[in-house]
Amino acid sequence: GNQCETPLARVLVTWRSNQGPFQMYIYHERQLGGLCGVHCLNNLLQGPHFGPGDLAEIGVHLDQQERALVRQATGEVGTGAEEYNVDSSADGGNFSIQVLSVALKRFELELVSSRHPNMKVAMKDPSEATEAFLCQSRDHWFAIRK
C-alpha cells in the first residue's frame, strides 16, 4: 500500500510488575493534516499499513457501488457526483466508517458498532468487550487499544 510520510513515534513503555520490569514499544503516528482515519488504523494495527491513497481508493470504490445501487433502485441516470465515503478536499482525510470497516477486513478484523444488538451484553463491561475501539468525536477518528 501507500506508505504514509507521517511523523512517527516509537514510544518505549516501561513498568514494573510482580515478575520484574517489563518493556515494550508502541507504534504511534501523530496527526498530519486531516488524515486521522489513516493514523487511527495504523495506530490500531501498530504499523504503517495504510496510506491516504489506500483509504481514498476504498472510498471511491464504495461511492461508485452506492451510486450504482441508487441508479438501479430509482432508475435515475444523473451524474451522482456526491461522495460520501471519501473527502476530496485539499486535506482529503475524512473517511467514513464504511471505509475503515473495509480496510480492517483486509486484516480479517470486523468493525461492529457498540450499539449493535449483539453487543448489548458485552458492552455492559466495555473494558472486557473487545481488544480495541475505533472512536469518532468532532470529526476526528482515534483508536483505543488494550
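## A salt bridge near the chain's end

The side chains of Glu-128 and Lys-146 meet in a salt bridge, at 3.9 Å from N to O. The term means a side-chain nitrogen of Lys or Arg within 4 Å of a carboxyl oxygen of Asp or Glu. Side chains of opposite charge can pair when their charged atoms come close. A search of the whole structure finds 1 salt bridge. Glu-128 lies in helix H4 and Lys-146 in the segment after S4, so the pair ties together parts that are 18 residues apart in sequence.

Both partners are exposed. Glu-128 has a relative accessible area of 57%, and Lys-146 has 53%. Exposed means over 50% relative accessible area, buried means under 20%, and partly exposed lies in between (1.4 Å probe, protein chains only).

## The model and its layout

This is a predicted model: local features need pLDDT of at least 70, side-chain atom pairs count only at pLDDT 80 or more, and totals for chains, interfaces and linings use all residues. Residues are numbered from 1 along each chain as its sequence is written, and side-chain values use heavy atoms, with hydrogens and water left out.

The chain has 4 helices and 4 strands. Their order along the sequence is β-β-α-α-α-α-β-β. Helices (H or I, at least four residues) and strands (E, at least two) are DSSP runs, numbered from the N terminus.

Of the 146 residues in the chain, 29% are buried. The chain exposes about 10,000 Å², and carbon and sulfur atoms supply 52% of that area. Accessible areas come from the Shrake-Rupley method with a 1.4 Å probe; for residues, only the protein chains shown count as cover.

## One aromatic pair

The structure holds 1 aromatic pair. Phe-50 and Phe-107 form it, edge-to-face, with 5.7 Å centre to centre and 65° between the planes. Rings of Phe, Tyr and Trp (its six-membered ring) pair if their centres lie within 6.5 Å; planes under 30 degrees apart count as stacked, over 60 as edge-to-face and the rest as tilted.

Phe-50 lies in the loop between helix H1 (36–45) and helix H2 (52–74), and Phe-107 in the loop between helix H3 (97–105) and helix H4 (126–129), so the pair ties together parts that are 57 residues apart in sequence. Phe-50 is buried, at 2% relative accessible area. Phe-107 is partly exposed, at 33%.

In H3, Val-99, Leu-100, Ser-101, Ala-103 and Leu-104 are buried. The buried residues of H3 pack against H1, H2, S3 and S4.

Strands S3 (residues 132–137) and S4 (residues 140–145) run antiparallel, joined by 6 bridges. Two strands pair if DSSP finds at least two bridges between them. Leu-134 has Ala-143 in S4 as its bridge partner. The hairpin of S3 and S4 has 2 residues between the strands, and Arg-138 there takes a positive phi near 55°.

## Two loop residues with positive phi

Gln-46 is not a glycine, yet its phi is positive, near 60°. Gln-46 sits in the loop between H1 and H2 and is partly exposed, at 28% relative accessibility.

Glu-108 is not a glycine either, and has a positive phi of about 55°. Glu-108 is in the loop between H3 and H4 and is exposed, at 76% relative accessibility.

## A nonpolar surface patch

Phe-22, Met-24 and Ile-26 form a nonpolar patch on the surface, with about 230 Å² of accessible area together. Patches are made of residues with over 30% relative accessible area and no salt bridge: like charges are joined within 9 Å, nonpolar side chains (Val, Leu, Ile, Met, Phe, Trp, Tyr) within 5 Å. Phe-22 lies in strand S2 (residues 20–29) and is partly exposed, at 38%.

Note on methods:
Contact = heavy atoms within 4.5 Å.
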